[in-house]
Amino acid sequence: ADLTTAIAAVRESVAAILRIRMTRPEQSEGEGSAGQFQAVLGGSAFCVVADRYLVTAFHVLNGGQPRNVGDRLYAFVVPGNGDTAFHFPVVSFPAERQAFDLAVLEIGPCVTAGIHIPPLPVSFTPRPDGTRVMTVGYPAPEIAGLNVDAQGSFGGGQFFLKSHANEGIVSAQYAIGGVPIYELNIGWHHGESGGPVAALGDKPAAFSLIQHYRNIQSPYGTVAGPHRGCALSCIRQELTGLGVLGV
């Protein structure tokens, strides 16, 4: 029963991240003069300050490389996995920590009046092995169509966007270069990176996030192994500076 309640609550705080990149600027004249754009729904994020700040994985912004300043980003929510997606523009980047694969996004008001995204409680307290956890993220959908203006601003699109929840435990933990890392017996899909890893209890609290996996050697070559995420305590100073208080 607690998991049923937790999924419904956490889902409302999780967003999908759309990145729009201009690949060819608009030409002044001639046939085919319109600009060309690339769009990717390849990441997730979760709200830590209502309607304002989201946490995600740094690699969601540009595949692990420094962010392309010309890209336009939007955060999409689908309340209750219903029929309609609503979007918030990303307006700034208060924290970008490539070494930790962590970033904080600032969003503006939802384009649709009356739509809000509530915060998910955050914990900086270490969690022992065996802690029951859950994840929520948006598997990357195929984009069937997208409308953008000459500057790359989103104007509508066709894609099947639904969040996906999972549960498991903290399976192991250790430090790499002083960075606390959790391993989880939970699988996730491309596009869920940046979604929260939340400890289950009276009230779910995010203490890590979906990031990557550890490669392991098998008889068939190198394959994806345990899934991992670093502790949010890595950016505790940045988060508390933005008004995020740990629980």
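Visitor: Is R97 buried, exposed or partly exposed, and what is its relative accessible area?

Guide: R97 is partly exposed, with a relative accessible area of 31%, where buried means under 20%, exposed means over 50% and partly exposed lies in between, using a 1.4 Å probe and protein chains only. Please keep in mind that this is a predicted model, in which local features need pLDDT of at least 70 and side-chain atom pairs count only at pLDDT 80 or more, while totals for chains, interfaces and linings use all residues. Residues are numbered from 1 along each chain as its sequence is written, and side-chain values use heavy atoms, with hydrogens and water left out.

Visitor: What does the side chain of R97 meet in a salt bridge?

Guide: The side chain of R97 meets that of E238, at 2.4 Å from N to O; a salt bridge here is a side-chain nitrogen of Lys or Arg within 4 Å of a carboxyl oxygen of Asp or Glu. The pair links distant parts of the chain, since R97 sits in strand 5 and E238 in helix 3 (residues 236–241), 141 residues apart. Helices (H or I, at least four residues) and strands (E, at least two) are DSSP runs, numbered from the N terminus. E238 is partly exposed as well, with a relative accessible area of 22%.

Visitor: And how many salt bridges does a search of the whole structure find?

Guide: The search finds seven. One of them joins E167 to R132, with the closest N and O atoms 3.6 Å apart, and this pair links strand 10, which holds E167, to strand 7, which holds R132, across 35 residues. E167 is partly exposed at 40% relative accessible area, and R132 is partly exposed at 38%. D2 belongs with these two residues in a network of salt bridges.

Visitor: Which residue does E183 meet in a salt bridge, and is E183 buried or exposed?

Guide: E183 meets R214, at 2.6 Å from N to O, and E183 is buried, with a relative accessible area of 5%. R214, on the other hand, is partly exposed at 31%.

Visitor: Changing topic, what order do the seven strands of the open sheet follow?

Guide: The order is 13-12-7-10-11-15-14, and the pairing is antiparallel; two strands count as paired if DSSP finds at least two bridges between them. At the edges lie strand 13 (205–209) and strand 14 (212–218), each pairing on one side only. From one strand to the next, the twist averages 45°.

Visitor: How many bridges join strand 7 to strand 12?

Guide: Three bridges join strand 7 (residues 132–137) to strand 12 (residues 196–199), and the bridge partner of T135 in strand 12 is V197. Helix 1 (residues 2–11) lies across strand 7, strand 10 (164–176) and strand 12, and runs at about 35° to strand 7, where axes are lines fitted to C-alpha atoms, for helices over the stretch in contact, and angles run from 0 to 180 degrees between N-to-C directions.

Visitor: Back to strand 5, what does it form with strand 6?

Guide: Strand 5 and strand 6 form a hairpin with four residues between them, and D101 in the turn has a positive phi of about 55°. The two strands pair in the antiparallel sense over five bridges, and S92 stands opposite E106 in strand 6. Strand 5 (residues 86–97) is also joined to strand 4 (residues 72–77) by four bridges, again antiparallel, with Y74 standing opposite P89.

Visitor: Which residues have the most contacts inside the largest nonpolar core?

Guide: They are F46, L54, V55, L102 and L232, in a core of 60 residues; a nonpolar core is a set of buried Ala, Val, Leu, Ile, Met, Phe, Trp, Tyr and Cys residues joined through side-chain atoms within 4.5 Å. Strand 1 (residues 14–24) gives the most to this core, with six residues. Leaving out residues up to four places away in sequence, L232 touches several residues, including F46, V55, L102 and F124, and contact means heavy atoms within 4.5 Å.

Visitor: Last one, how many disulfides does a search of the whole structure find?

Guide: The search finds zero, a disulfide being a pair of cysteine sulfur atoms within 2.5 Å. For C110, the nearest cysteine sulfur is that of C47, 12 Å away, and C110 counts as buried at 11% relative accessibility. For C230, the nearest cysteine sulfur is that of C234, 4.3 Å away, and C230 is buried too, with a relative accessible area of 1%.
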